[in-house]
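Subject: The structure we talked about

Hi there,

Here is the structure I promised to send over. Have a look at it first, and then read on for what turned up in it.

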Amino acid sequence: MNKVLILIGKIVSIISKILNFGSGSTWPGHIALSLNKNFIKQVLKRNQFKIILIAGTNGKTTTGKLIQNILEKYGKKVFQNAAGANLLNGIASTLISNSNLQEKINKDFAIFEIDENTLPLILWEINNPDFIIILNLFRDQLDRYGEVNTISCKWHKALERLNGKTTLILNADDPQIAYLASNLKDVRVKYFGIDSGNSTSKIQHASDSTYCPNCGEKLIYNSVYFSHLGDWICKKCNFKHPEKTFTKSSFYPLSGLYNEYNTNAAFLLGKQVGVEGKTTNSALKEFKPAFGRQEALSINGKNVLIFLSKNPTSFNESLRTVSDLGGKNILLILNDRIPDGRDVSWIWDVDFENFPDQFKNIYISGDRAYDMALRLKYADLKNFITEDDLVNAMNIAIKRTEDNGTLHILPTYSAMLDIRKILTGKKIL
Amino acid sequence: MKYKLIIGWLYPELMSTYGDRGNIITLQKRCEWRGIDFGIKRLDLGFKTQDLKKCDLLLMGGAQDKQQQMVSSDLMKKKDALGEMIENNIPGLYVCGAYQFLGKYYKEANGSKIAGLNIFDLYTENPGANYPRLIGNCISKVLNGEIIVGFENHGGRTYLGKQVEPFGKAIKGFGNNGTDKTEGAVYKNSFGTYLHGPILPKNPEFADLFIKLALQKKYNFSVNLSLLDDSLEKKARESILAKLKLQHNFIG
């Protein structure tokens with residue numbers, strides 16, 4: 001049965017590529033799962049590779065790519081789901097495209113990034129993955145995911161089913177994530193974080209978990225890195241930041257504190273597998289960013305850097321990183337399609353007020369360009385140009401960027417896909 | 001004369017999940033642009049009622065269930081003070097979770113009832129896990145014919161009693177309960193609504209109404225607000241109406 005499903009899947013994938021229906025990264029799996037709901041479980045049973053799951057609101061794709069580079073440098077054969085194909089159908093599709101017609105996948109490691117809502121479901125299909133990395137949990141697309149507490153409760157329940165085969169790799173700086181290790185018996189847990197030299201004093205407005213996940217008391221922060229991430233302690237029940245935490249990779253290939261987390265998580269995973277620091281280091285040095293995640297392009301002698309910015313925390317951190325890089329030209333693109341979240345209220349939780357004079361030229365575009373323009377108006381930023389047609393906006397922004405200068409683009413998810421299509425399809429100028 | 005308003009922001013730490021901070025920013029800027037002093041009093045868990053009583057207008061947003069429970073027990077202790085202010089015509093905006101709090105009770109998806117503050121004559125019931133949340137863009141027409149644009153996202157269905165008026169009629173979206181087409185509730189100078197967006201930036205006339213009501217209440221005479229350039233606000237409204245295929249003049 002599954003062999004037939006794999007064959008069908010491969011044919012569907014080829015056809016959809018030929019007819020340009022998209023990358024074919026979810027349909028084959030969708031078909032396989034609707035004909036055999038145990039497809040994933042059964043295919044995995046016939047194979048030996050180790051499985052790494054990556055969950056969290058921000059950083060899944062970059063962390064997955066970092067781990068892939070590290071493991072490949074270590075001489076392992078690795079496969080991974082396409083960015084964004086992180087529901088069950090995406091996982092099934094990935095198995096199909098990497099399998100031969102005998103249901104065999106000749107690889108050492110599978111890396112699956114998993115959607116927040118899918119993590120509990122995938123753990124029914126993959127009972128005890130070798131590694132689960134949980135990066136963070138921030139408010140994101142409340143219309144689709146529900147609230148942060150709802151997700152963490154679901155995760156907690158799902159993780160309780162794990163046994164000693166699994167190693168959990170958790171972000172110690174996120175109290176809600178560190179709390180996931182409580183009540184787990186046999187599971188090995190390792191923690192990563194970032195170096196406390198990065199701390200600021202103030203809790204940002206867009207923070208979700210500043211109350212103790214164990215007893216509900218307000219947490220005390222010795223230091224805050226961003227959002228609710230930091231060195232925290234509950235004075236009431238004494239639940240506190242785990243002590244032994246990996247915080248120091250040898251090299252960081254991408255800017256931004258959020259990428260220090262991603263890198264440290266990947267480095268720690270490598271350590272667990274037995275990869276030497278030296279090997280990891282050279283893998284990190286050769287790292288090329290995943291698409292739209294600080295991806296660099298060059299258009300007509302101008303540089304373009306794309307920073308996917310999809311929720312308050314990722315937007316805040318993108319702004320901070322662009323500002324630290326000395327960026328002067330930014331293009332903000334706000335869409336409200338399903339992959340972005342239909343509700344654009346969240347832009348009011350982004351701290352534009354922190355950057356009063358940083359950006360010389362601000363361009364705004366996207367389906368909800370005027371919502372973004374209003375947000376900037378009420379943050380007292382004045383030097384922005386609003387153009388809802390994305391191609392026009394790109395043209396204006398590129399033209400007005402000085403030669404050899406850099407335009408920093410901060411798009412929501414579907415806007416990021418649009419902008420790449422425009423830039424790489426040369427649908428510009 | 002230099003006017004000054006102090007807004008009481010109820011539970012900014014816990015009840016501010018859906019960008020409702022934008023409502024505070026909007027009131028602040030629209031006052032400051034007109035030379036009206038604007039102070040923000042953050043009233044977090046354990047706040048003192050004398051701080052609440054110093055406020056000229058009030059705002060409270062929505063939150064996650066767990067955080068709403070934490071707020072609920074704190075707010076119950078301040079029920080009388082808040083009720084007095086609402087009865088005394090202190091203007092207030094209560095969004096989503098806050099709006100539900102003001103009613104008689106909230107029946108959870110599992111059937112258990114949480115008592116509300118019993119200030120608004122309304123109740124809210126979550127019909128259970130098998131019923132979808134009411135999510136999407138919502139356009140409502142309020143009493144003076146004005147159009148309010150926003151975004152709703154709520155599991156509870158709210159039903160109004162006779163002592164409150166609906167704030168508006170949902171002409172797109174679900175409104176209070178998805179059946180009777182009412183949206184929100186008005187009692188004296190207090191407004192309850194399900195609309196995020198947040199509601200005030202894209203509905204500047206509604207924002208100004210709060211400022212006017214608060215000034216009138218505080219200084220005891222009607223204050224004329226100077227006009228602001230709202231062209232960007234208009235464009236943001238028009239773009240969402242166009243997206244929903246509603247023409248402004250057609251609705252009006």
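How many residues does the contact take from chain B, and how many from chain A? Chain B gives 38 residues and chain A gives 34. Please keep in mind as you read that this is a predicted model.

The interface

The size of an interface is often given as the accessible area lost when the parts come together. Here, about 3,200 Å² is buried between chain B and chain A, and carbon and sulfur atoms give 51% of that area. Three residues stand out on the chain B side: B:Arg21, B:Gln64 and B:Leu232 supply 19% of the area that chain B buries against chain A, more than any other three residues.

Between chain B and chain A the count is 6 salt bridges, and 16 residue pairs are in polar contact, both residues being at pLDDT 80 or more.

Which elements of chain B give two or more residues to the side that touches chain A? They are helix H1 (21-32), helix H3 (65-77), E8, E9 and H7. Sorted by class, that side of chain B has 15 nonpolar, 11 polar and 12 charged residues.

A sheet in chain B

E8 and E9 also belong to an open sheet of 4 strands in chain B, which follow the order E9-E8-E11-E12 with antiparallel pairing. Strand E9 (147-154) and strand E12 (182-183) of chain B each have a single partner strand, so they stand at the edges and one side of each is left without a neighbour in the sheet. Helix H7 (residues 231-243) of chain B packs on this sheet, touching E8 and E9, and its direction makes about 65 degrees with that of E9(B).

Inside the sheet, 4 bridges join strand E8 (residues 134-142) to strand E11 (residues 168-172) of chain B, and the two run antiparallel.

Salt bridges elsewhere

Over all chains, the structure holds 29 salt bridges. One to look at in chain A joins the side chains of A:Glu317 and A:Arg320, at 3.0 Å from N to O. Both residues lie in helix H12 (residues 312-324) of chain A, 3 residues apart, about one turn of the helix.

Happy to go through any of this with you.

Best wishes

Definitions and conventions:
Residues are numbered from 1 along each chain as its sequence is written. Chains are lettered from A and ligands numbered from 1 in the order in which they are written. This is a predicted model: local features need pLDDT of at least 70, side-chain atom pairs count only at pLDDT 80 or more; totals for chains, interfaces and linings use all residues. Side-chain values use heavy atoms; hydrogens and water are left out. Two strands pair if DSSP finds at least two bridges between them. Contact means heavy atoms within 4.5 Å. Axes are lines fitted to C-alpha atoms, for helices over the stretch in contact, and angles run from 0 to 180 degrees between N-to-C directions. Buried area is the accessible area (1.4 Å probe) that two parts lose on being put together, summed over both. A salt bridge is a side-chain nitrogen of Lys or Arg within 4 Å of a carboxyl oxygen of Asp or Glu. A polar contact is a pair of N or O atoms within 3.5 Å; within protein, one must be able to donate a hydrogen and the other to accept it, and residues adjacent in sequence count only if both atoms are side-chain atoms. Ala, Val, Leu, Ile, Met, Phe, Trp, Tyr, Cys and Pro count as nonpolar, Asp, Glu, Lys and Arg as charged, and the others, Gly among them, as polar.
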